[in-house]
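Dear colleague,

I am passing on the structure we spoke about, and below it you will find my notes on what came out of it. Please read them with the structure open beside you.

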Amino acid sequence: MKVKPVLRYRSPRYPTREQLESQARLSHVIPSRWKENAALIAILTAAPALARSDGPEAVKKTPDSLVAPLFQHGAGETRGVYGTTFSILPVLLSEEDARQVIEEQLTKAGLNMSRGKKSTHHISVMTVDPKTKQPSAKNVSLTMDGYDSKYGVAYEFLSANDGKETGGSGIELAGKVRDALAKEAPVGIQAIFYDPAPTVYEGMGPAGIGRAMSGMTPCEDFGETTLIPTGFFTTPFLGSSIRVVVEGRRVTLSNSDGSKQAELSVGRETAVINGKTSKLPIPAVEYDGVIYLPFQAVANALDVAFSWDNPSGQLTISLPVYEGRVKNADGVFEQRFEDRDFKSLVTTPTGGENKKLTFAFVAWDDKATRAWAKAEARRLLRLQARDFAAWLKTQGVI
Amino acid sequence: MHLTLHVTSRCNLRCDYCYDARHQGGDMTPETMRAAVAFACEQTRGTGHEDSIGVSFYGGEPLLVKDLIAETVRHCRSVTDRAGQLFHFKITTNGILLDEDFLTGPDTRNILVALSHDGTQKAHDTHRVDPAGNGTFQHLDHVTKILLREKRYSPVMLTVTPATVDDYAASVRYLFNRGFRYIICTLDFSANWTPLNLRALKHQYRRLATWYEKEMDKESKFYFSPFDTKISSHINPGSCRHGRCDFGRRQISVAPNGRLYPCVQFVGDGEDDTYCVGDVRRGLDTDKHAALYAENHAAKPACADCAARDRCNHFCGCLNWQVTGSLGAVAPVVCAHERTVLPITDKLAERLFRHRNSLFIQKHYNDDYPFLSLLEDSLQE
């Protein structure tokens, strides 16, 4: 037997102490038993040893407690804000639904939110009494809905009803709870999620809210009250022929040479069409940061040809034939439509094969709309959880 | 400063891998013990390390001279009263004479007890036998119980030989299941390790890595020296080289006759001159000690190109001397062992870190972990 030097040895993929201090915050990664031990928590809170290496600067870099910022997706509203035309039909997620959505997303990020005993935090939240409208401090025991002891990550889902009870929207309450939690600085990483509570509007007529998303429930009918997201007019198919300017709650649309123009405002029942005030069959509405426009009125104003196939629930937009593209002053390729006569086919921006542009819409029937709204709520909550997972990565936690 | 007092050379066992098999050095006298304590006080004075001197009782079997041990503690206590010098104590014993009186006695109850135990009965009785050749495993059953009852943090020292390597993982698990949480393992490097034995060793370390990870996932608190020292050698670069006896600079051994040696392995009967670095009465032969230290720390040409040398025990002169008879000649079996244990340990640590194992993070990256762990245990009592 001889001494055999190891000629190559890969650097281990776990950090030295020095590397850890400069790259990650791990002081919250503590055994689950410790989290239930007040004395240990007190010591860890007072002296986060993992962070304490060479002085106060190191302590500042690695706090023992982290409360994630609020990830805002969905207004979390449960009250009407758009005037008398619409009444509110809140679509809320159950706790069980919310947990499923959140944990499904966090599981993808490598967390197991059923690992370890859930912790309870006592916080004081400023609320407004719904009856007296007076602000008051409310002591709340917050038992986190999920916890992963391996990473020291916990989350709490606040339902929209929680917001209602405290006289504010879900997002407002979530912000207050988040701040109160940060003030208490519990050990580990905490996140607050809230019910996005996308609201749908009654009284819009048979076509209801349109979403330029395929695969959704088709409209039972298409008509004057069909709404379509403003963004639809800026798709690559339409973007070069229709100019859209959004200023706050006002949307101005015009064709490429400015000869046709429509100006609409959220909640206003009239629009300025080619310089003249016209009554709209349904006003533009805004929710979840998107302004929806009455499609038929806008299309007519801009001479956009369209057809509706009722059995399939498909809307076909007809656009001018693409003839070429040139570089603009910034060197960016842009489209130009020379032929002002709308044809029956849609062309792609690349000028290749002709395609029809079709969309499906959600019908305005209560069942279908609520199903859509629930899917929308889950989507928005999923985005909150997705952003939290991304944030955890930026913190070096996962 | 750690003072290892070989209070006797005598032993009541005849373990065949013992490096002091002759046991002919006799007992240490109280006068030599006092001179040794005075020597340690003198050595630490003004060094900045005088907070507390560690006194280890070693042998032979130190419990053969319980009275001297008690007298040593009382003497140190008087030094504390007189000069303010603090001491802490440890004993390494085969456990045969360990009893409740020693564990709870007024002079001896604060001595940390490290028990030599080789694990399963099969492994233990292979080597750890009495003068008549009888295994001592059964005797330690009761000893283990009272030891862990009185001193839950007692370390256990396990020696692995080619004859017991197949029982290595089982022995560690046995000791863990008995309640030991500080498991110190070493190989009998002086034995004849064949390639087959080394393959078996690798297999055992893999099994131990699986066990270690499972226990860490269960948040079990424990220390397993082969893995924990290697993990530390990466997390705290340089710790491998300076965390041990440092060849007489951190720890010095005193033979029963008062002669000084840089490691317990050189003591024998206290008659060897080659590695003797002084005497408790006449003091340290600093020139000789420095020369031996330099010889031990000289770069090892055989390891010059090794990518793992900073995390390796090749610089441990005692191990090298034990096998090759020279401080500077690296023992091939030490090299083979290091090449076996290092990658297994690193893969284990990578998994634990990737999974953000909380105990792994705390144990290896938190300076306060020993205190926090102790506090947790205290609060549970």
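Which residue in S7(A) does A:Gly146 stand opposite? The model is a predicted one, and in it the residue of S7(A) that faces A:Gly146 is A:Tyr155. The two strands concerned, S6 (residues 146-148) and S7 (residues 153-158) of chain A, pair in the antiparallel sense over 3 bridges.

Helix H5 (residues 95-108) of chain A packs on the sheet, where it touches S6, S7 and strand S8 (188-194) of chain A, and its direction makes about 140° with that of S7(A). Helix H7 (residues 170-184) of chain A also packs on the sheet, touching S1, S7 and S8 of chain A, with a direction that makes about 165° with that of S8(A).

The sheet itself is open and mixed in its pairing, with 5 strands of chain A in the order S1-S8-S7-S6-S3. Strands S1 (65-67) and S3 (114-115) of chain A stand at the edges and have a single partner strand each, so one side of each is left without a neighbour in the sheet.

The contact between the chains takes 32 residues from chain A and 36 residues from chain B. On the chain B side, helices H8 (225-235), H12 (332-354), H13 (358-365) and H14 (369-380) each supply at least two residues, and H12(B) gives the most, with 9 residues. By class, that side of chain B has 20 nonpolar, 7 polar and 9 charged residues.

With best wishes

Notes:
Residues numbered from 1 in each chain as written. Chains lettered and ligands numbered in written order. Predicted model: local features only at pLDDT ≥ 70, side-chain atom pairs only at ≥ 80, totals over all residues. Pairing = 2+ DSSP bridges. Helix = DSSP H or I, 4+ residues; strand = E, 2+ residues; numbered from the N terminus. Contact = placed C-beta atoms within 7 Å. Axes fitted to C-alpha atoms, helices over the stretch in contact; angles between N-to-C directions. Nonpolar A, V, L, I, M, F, W, Y, C, P; charged D, E, K, R; others polar.
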